[in-house]
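Open your viewer and keep the selection tool at hand. This tour tells you what to pick next and what is there.

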Amino acid sequence: MQVDRAKKRILLIEPSLMVSKGFASLLDDAIGYQLVATSSNVSRIQELIVSNRPDIVVFNPSIMSFQHRTSIRSFMNIPSEVALVALVYTFVDEWIMAQFDAVLTVNDDQTQIVNKLNGIKVTANSSDKAENEELSERENEILGCVVKGMTNKEIAEKHFISIHTVITHRKNIVRKTGIKSVSGLTVYALLNNLITYEDIE
Amino acid sequence: MANLTTYSMKNYPAFSPQMKMADLIHVNYRNLAVLSRLGISLGFGEKTVDEVCKRHNVDVNLLLLICNVLLDTDMIPAEEQIAKCPVEQVIRYLQQSHQYYLNVALPNIQILLDRLVEACNETHGKALNRFFNEYRKEVESHLAHEDQTVFPYIMQLLNAPKKSKFSIRQYKDRHANIEVKLTDLKNIIIKYIPYDNTDNLRDELLIQLFNFEDDLNRHTLIEEKLLVPSVILIEQNISLS
């Protein structure tokens, strides 16, 4: 599909082929929006978000069962800068609807759809956020301690910070690097000269 | 990913007993692995799925069920489909997958990794090697647990049904997570090994890691959607009688 940088990118998760084709054709000549990918189920949503970098995910809530009552956004790990929009054609509980930034229905025409999408409040721009994903100096120091086997308490005492702060640093390290295991982080630390091989032998 | 309690709208059978076996592979090449793991070899000419299955004593419903789960990862098989599953054939399928991981996939990855280690600076190579060995051991012990404890328990259940302290639900709980380190390894290779003219080699290794991950994920789906529910049914029957 052709990429137009000025247009907001939409990812559609909709089980019905008829509805998703209809939605695609309504969006086709809509100003300011373009459909970048569609899927009939949620199993590949992570992959689709990473590869298509949508600004908006339009999602039919009926394809999820809500027995756990968890937040849709956190359950499917949708980044906070991506807007979440519902596409509904039956009655859906209000507590579910409250989780969406906007609600589209199958009866909406093109103007209504565009108006609703325009009404979404932008929290952060996804392209601005990618900066500064390198580990900070402090995070590198903490990481060095982690891979040398120090406990959170020891790290906190050494750096005069609270255990809570240590945990926040550790979460950010994992988020930025995409490495969760301590042994994986050890390799990272070695490759970045934060420790020497002798430190871990 | 397998925890998603979703259901699919696709209720039509994507594969049927009357289609040509060759088409089954053209529709989804991942089915190649299903055939070989169920003991069906290539060269079946124009024969249908049903004919080939009969010839190899493979339950055609099971074959189609596995193919459907692999194609539509959200699919949840109906209870009557699960009840009809020949559990020993499911186990054979899973065991053959394990053999493939141990004898083909992991050794192939190891060869490429060794070449990358060779090309890296010494410390980096040592660290990478050490990490991969740790990961490989984890996978091997996970597979060994299933081969030596879980599968024999189920076979015992099939041959001489009696109550036991072990239950398949425990296995469900202790289903170890071997995905984390694989993701870590991919990130290390993609992001953090410094530029060193090993791009082609890295690509090749990464493709194998992605394929391996994909195969493991789908393997887990078969365990969770077919094996565990069908053993739960058997356990329930035993405790009722």
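Select strand S3 (residues 56–59) of chain A together with S4(A): the two pair in the parallel sense over 4 bridges. Strands here are DSSP runs of E, at least two residues, numbered from the N terminus; two strands pair if DSSP finds at least two bridges between them. This is a predicted model, where local features need pLDDT of at least 70, side-chain atom pairs count only at pLDDT 80 or more, and totals for chains, interfaces and linings use all residues. Residues are numbered from 1 along each chain as its sequence is written, chains are lettered from A and ligands numbered from 1 in the order in which they are written, and side-chain values use heavy atoms, leaving out hydrogens and water.

Now pick A:Val58. Opposite it, in S4(A), stands A:Val85.

S5(A) runs parallel to S4(A), joined by 4 bridges. A:Ala86 stands opposite A:Val103 in S5(A).

Stay on S4(A), residues 83–88. Is this strand buried or exposed? Buried means under 20% relative accessible area, exposed over 50%, partly exposed in between (1.4 Å probe, protein chains only). 6 of the 6 residues of S4(A) are buried, so the strand is largely enclosed by the rest of the structure. One side carries A:Ala83, A:Val85 and A:Leu87, the other A:Leu84, A:Ala86 and A:Val88.

Finish with cysteines. Over all chains there are 0 disulfides (pairs of cysteine sulfur atoms within 2.5 Å). Select B:Cys85: the nearest cysteine sulfur, that of B:Cys67, is 12 Å away. B:Cys85 counts as buried, at 8% relative accessibility. So does A:Cys145, at 4%.
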